[in-house]
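Hi,

Here is the structure I promised to pass on.

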Amino acid sequence: MRIHVVDHPLVAHKLSTLRDRRTDSPTFRRLADELVTLLAYEATRGVRVDPVAISTPVSETTGVKLSYPRPLVVPILRAGLGMLDGMVRLLPTAEVGFLGMIRNEDTLEPSTYATRMPDDLGGRQAYVLDPMLATGGTLIAATKLLLERGALDVTAICLLAAPEGVEVMQEAFADTEANVTVVTASIDERLNEHGYIVPGLGDAGDRLYGTAG
Ligand SMILES: O=P(O)(O)OC[C@H]1O[C@H](OP(=O)(O)OP(=O)(O)O)[C@H](O)[C@@H]1O
Ligand SMILES: O=c1cc[nH]c(=O)[nH]1
Ligand SMILES: [Mg+2]
């Protein structure tokens, strides 16, 4: 598995405001949207394109267009939904599939409560959206499901990652032939005893949707 930390002052600036506990939900949503577009620029570096002949007003030349089959974008509900608009702004022709997953607050084990995407992902490049890679349980399960359905490669865009989650992802996909990549704005210090990323940003879903109580 490949991990890419996007090192850019604009990303660091937006992430700092996102982390701040005083940032309200509307601002949090806007920043998450802006950040995913910046991360997606790096994450799509390997998106497949085909050559295409074009005529400019001056001459004939060769350009490129996205290959078929189209890329598949998969937000992991609920928090990943806050990253969807920012992603499809960059890849407007992508197909979108949905995975609803929640991790148990006591065991930290993920469970899947909704799956809505093509059964056959043969030849598809998949982009998973989830703001938080914590223990890694959720992203491992999502990536396995996509690879089992035939995805050519899986690129996850996570706003934040914990070192523990990165390590288990690396172990889980060490022998996988398909390319698995995680693109993130930061690898934080650690997980706390509740499985939350430190310093992190708290519960991404609660902060996006105003359910923090
Ligand atoms: O790496 P892990 O330890 O598996 O944790 C990460 C998961 O936890 C959060 O979702 P959550 O279960 O809070 O669901 P939500 O998006 O509905 O809030 C987050 O959005 C990831 O999906
Ligand atoms: O820090 C964390 C860990 C998991 N899920 C979150 O929303 N935040
Ligand atoms: Mg949550």
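This is a predicted model: local features need pLDDT of at least 70, side-chain atom pairs count only at pLDDT 80 or more; totals for chains, interfaces and linings use all residues.

**Ligand 1.** The shell here has 23 residues, and the closest are Arg78, Ala134, Thr135, Thr138 and Gly205. By type, the shell splits into 12 nonpolar, seven polar and four charged residues. Four elements each contribute at least two residues to it: β6 (98-103), β9 (132-133), α4 (137-148) and α6 (204-209).

UniProt has an unreviewed entry with a "binding site" feature that includes Arg78, Ala134, Thr135 and Thr138, along with Arg103, Asp130 and others. I took a closer look at Thr138. It sits in helix α4 and counts as buried because 26 other C-beta atoms lie within 10 Å, where 20 or more is the cut-off. Setting aside neighbours within four places in sequence, Thr138 contacts Ile76, Met101, Arg103, Pro110 and Asp130.

**Ligand 2.** Around this one you'll find Ala79, Met132, Ala134, Gly195, Tyr196, Ile197, Gly200, Asp203, Ala204 and Gly205. That makes six nonpolar residues, three polar and one charged. Another "binding site" listing from the unreviewed UniProt entry gives Ile197, Gly202, Asp203 and Ala204.

Which of these are buried and which partly exposed? Ala204 is buried, with 25 other C-beta atoms within 10 Å, while Gly202 is partly exposed with 17 neighbours inside 10 Å and Asp203 is partly exposed with 16. As for where they sit, Ala204 is in helix α6. Gly202 belongs to the loop between β13 (197-198) and α6, and Asp203 is in the loop between β13 and α6 too. Leaving out neighbours within four places in sequence, Ala204 contacts Ala79, Pro131 and Met132, whereas Gly202 contacts Arg21 and Arg207.

**The core.** The largest nonpolar core has 54 residues, and Leu35, Val128, Leu129 and Ile157 touch the most other members. Helix α2 (residues 25-43) gives the most to this core, with eight residues. In soluble globular proteins, nonpolar side chains tend to be buried together.

Cheers

Methods:
Residues are numbered from 1 along each chain as its sequence is written. Chains are lettered from A and ligands numbered from 1 in the order in which they are written. A residue is near a molecule or strand if its C-beta atom, placed from the backbone, lies within 6 Å of it. Ala, Val, Leu, Ile, Met, Phe, Trp, Tyr, Cys and Pro count as nonpolar, Asp, Glu, Lys and Arg as charged, and the others, Gly among them, as polar. A nonpolar core is a set of buried Ala, Val, Leu, Ile, Met, Phe, Trp, Tyr and Cys residues joined through C-beta atoms within 7 Å. A residue is buried if 20 or more other C-beta atoms lie within 10 Å of its own, exposed if 12 or fewer, and partly exposed in between; C-beta atoms are placed from the backbone. UniProt positions are given in the numbering used here, feature names are shortened, and annotations may be inferred rather than shown by experiment. Two residues are in contact if their C-beta atoms, placed from the backbone, lie within 7 Å.
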